[in-house]
Amino acid sequence: MHAELPGLATLTDEAAREVYGDLDSGAEHAYFNDIYLLAPVGYFVLSYDTTIVQMNVVGADLLGVPRNNPARIAFRQFIAPRFLEDFDRFLRRAINSSQPEQCNLQMLRSRNQQGFPVSLRASVDSNRQGIRMVLELAEGKLAALERSEERFRRIVHNAEEGIWEIDASSRTSFVNPKMAQMLGYSIEEMLEQPLVAFMDEEGRIILERNIAQRQRGISERHEFKFIRKDGLDLWATLATNPIFDADGTYRGALALVTDVTASRASAELVWHQANFDELTALPNRHMFNDRLGQEIKKARREGSQLALLFIDLDDFKQVNDTLGHHQGDAVLVEAARRIGLCVRSSDTVARLGGDEFTVILSGLDQPDGVDRIAAGMLALLGRPVALDTASPSVSASVGIALYPADAATAEDLLRSADQAMYAAKQSGRNRYSYFTRDLQLAAQARQQVTLDLRQALAQEQFVLHYQPIVSLQSGKIERAEALLRWRHPARGLLAPAEFLPLAEAGGMMLEIGDWVFRQAVQQARLWQDELGRNFQISINQSAAQLRGDSALYLEWLRMASRLGLPPRSIVLEITEGVLLDGSARVTDRLRELREMGLQVALDNFGTGYSSLAHLKHFGIDLLKLDGSFIQHLASDSGDLAMCEALIVMAHKLGLKVVAEGVETPAQSGLLAMAGCDYAQGFVYAGALPAEELAALAQRGPIPL
């Protein structure tokens, strides 16, 4: 074995310069580059909650965790406790800055060990999907260089990946123990052997092409098949980087080698997971689309018909909310089984997601039998489902579309069946409906509303009004809720309930939400100058918005930063339905937004199924009591006792409380005595244009 690691020191210095160069220039890679594994500094890719997504070998060694981080450990937990606030401020600066940020602090390998000083550099990835973090021991450049040889020798020889260096003639000049073990050879047996000695003919052809690429300085990642000493195949992924000397002469290449034999052996499992629903084992949306396209081609070729059934379970959300998601999953599995009992083995039953299923009835000469199948399906689905603790009954709404009568393409046929299902729900649920020309006209009418909304945006027909939120301690207007209005050219000023459901159905919520946020942020900036630096504006957010692109929120924060507006000046209001959305993306987004400095308020609390546990889990800052608690508020009422209890519990959790729907001075006084922080309602003012709210706030405290 070689006493030295040829090319390794050169490579690691270059890798380090590449890491630092990236951060200094801002020209960041979209993905983690495997060659960073050998950088002489810790290199990490973090999610916004600082969970370690990827790290190099030095980073893993410094923290004392496996490089693949199976426990999903967060980088933040290694920060020494007395430096946590410094770290959080540093991270916020990095997230909100277009330039890399630097911070010096102490870190720990474990809770009981003494801290060690480090220098951290962080910047947000160019695609805004994560944070890049470089960790360097604060021991000085000279000391770091002196220790790098010893560190790399230990890391390379104990690395989980194979490391394979070849010279300019493609002969093996170095392998680590893991690489030799993967191929079943000793290190001595592999040294000086040409790389092709471990490959079959096909691999040799691919290798020749890749060597030419490396000689031109191109780093690549490819999958190769090697032949082990025992004759078995070893499939491996090679991330290769060329090595050049100071004169630019090609010296060879270094490859990081990962064994992927097991993953290739499980290709069938991977395919199954990509095409079948994990819960019900039915074809998923991807396979359904493929099969529907194939069945339409077959029907066109044979001159036959097919029927597409779109099935949506009625009130399934209530099962999840009352019995829990585990029991809800059991209902979905049973529903899938019952749907399958109603059709032939040659028909396709698929789950599109949530509580939506589809059935393709193919090879129909006449569609007469579809009624019988749909009716039988409704009857079977309506029977109680025996669960551990309950026996819920879940009906269904079924939409039916026929090929070629209702549509000529798979996309149009699915849309037609979906519209027919919507008609069944509108007609009372637990029934089926065929797609008709009337349904098509109704769909076109909804499309026209979407066009009108787009025109409203373009022609600035939208306007924001603001309802004041009053401090019950001082009587001052310290907050306001932004409320959208549409100045319709024909119908006058429209409230959100008259058009936002149509905007959501037409996919317009993100565009309208973007407009609302930008207008509200500019108004907040003006009011902080006029009414005080702590003035906050609340903006309503839907689940659809939270599931959208995180880049939009980052752009909003950049806009607020340009205006000199602190992120905490913005409060995002969500409903209990958002918390119960069930989407991990929504949960992660709420956590990210709070880490960015925004506050989150839970609107209409007490009317849905959320609990105080939700408040802690999702990181809520403000609790808005629903107006139904306030409506009959009196000194001897149960509603007052309920309000007092909720206020005390919210304060115990560190939340501020806002009472909504306050309509009388008596209600305002009782809430103040109960310790409520803020109130909002017509007793103070309704939704006002911006200039009227400013005038009201400038008059001074409102009598309570």
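This report describes the fold, cores, helix packing and backbone exceptions of one predicted protein model.

## Basis of the model

The model is predicted, so local features are given at pLDDT of at least 70 and side-chain atom pairs at pLDDT 80 or more, while totals for chains, interfaces and linings use all residues. Residues are numbered from 1 along each chain as its sequence is written, and side-chain values use heavy atoms, with hydrogens and water left out.

## Overall content

The protein chain has 26 helices and 24 strands. Helices (H or I, at least four residues) and strands (E, at least two) are DSSP runs, numbered from the N terminus. Of its 704 residues, 50% count as buried; buried means under 20% relative accessible area, exposed over 50%, and partly exposed in between, with a 1.4 Å probe and protein chains only.

Contact means heavy atoms within 4.5 Å. Among contacts in the protein chain with a separation of 6 or more, 59% join residues 24 or more positions apart.

## Nonpolar cores

A nonpolar core is a set of buried Ala, Val, Leu, Ile, Met, Phe, Trp, Tyr and Cys residues joined through side-chain atoms within 4.5 Å. The largest one holds 118 residues, and F75, M107, L120, M133 and F462 touch the most other members. Helix α17 (residues 509-531) gives the largest share of this core, 9 residues. A second, separate core has 31 residues, including I311, F316, I339 and L364. In soluble globular proteins, nonpolar side chains tend to be buried together.

Leaving out residues up to four places away in sequence, M133 touches G42, Y43, F44, L46, F75, F87, F90, L91, L120, R121 and A122.

## Helices α17 and α19

Two packed helices are described by the angle between their axes and the distance between the axes. Here axes are lines fitted to C-alpha atoms, for helices over the stretch in contact, and angles run from 0 to 180 degrees between N-to-C directions. The axes of α17 and helix α19 (residues 550-562) come within 10 Å and cross at roughly 15°. That angle makes α17 roughly parallel to α19, given that angles under 35 degrees count as roughly parallel, over 145 as roughly antiparallel, 65 to 115 as roughly perpendicular and the rest as oblique. The crossing is right-handed, a term for the near helix being turned clockwise from the far one by less than a right angle, with anticlockwise being left-handed.

On the α17 side, L510, G513, D514, F517, R518, V521 and Q522 meet L552, E555, W556, M559 and A560 of α19. This contact of α17 with α19 has 7 nonpolar, 2 polar and 3 charged residues. In this classing, Ala, Val, Leu, Ile, Met, Phe, Trp, Tyr, Cys and Pro count as nonpolar, Asp, Glu, Lys and Arg as charged, and the others, Gly among them, as polar.

## Helix α14 and its surroundings

Helix α10 (residues 285-302) packs on α14 at an angle of about 110°, with the axes 9 Å apart. The two helices are therefore roughly perpendicular. F288, L292, G293 and I296 in α10 meet A410, L413 and L414 in α14. The contact of α10 with α14 comprises 6 nonpolar residues, 1 polar and no charged.

A417 lies in α14 (residues 410-426) and, at 0% relative accessibility, counts as buried. Beyond its neighbours within four places in sequence, A417 is in contact with L308, F310, G399 and A401. F310 belongs to strand β11 (residues 305-313) and is also buried, at 4% relative accessibility. The C-alpha atoms of F310 and A417 are separated by 5.6 Å, although the residues are 107 apart along the chain. Apart from residues up to four places away, F310 touches a set including L352, F357, V398, L414, A417 and M421.

## Backbone exceptions

Most residues other than glycine have a negative phi, and most peptide bonds are trans. The peptide bond from Y403 to P404 is cis, with omega near 5°, and P404 is in the loop between β14 (396-403) and α14.

Two asparagines have positive phi. N69, at about 45°, is in the loop between α2 (57-63) and α3 (84-95) and is buried, with a relative accessible area of 3%. N604, at about 55°, lies in strand β21 (residues 599-605) and is partly exposed, with a relative accessible area of 26%.
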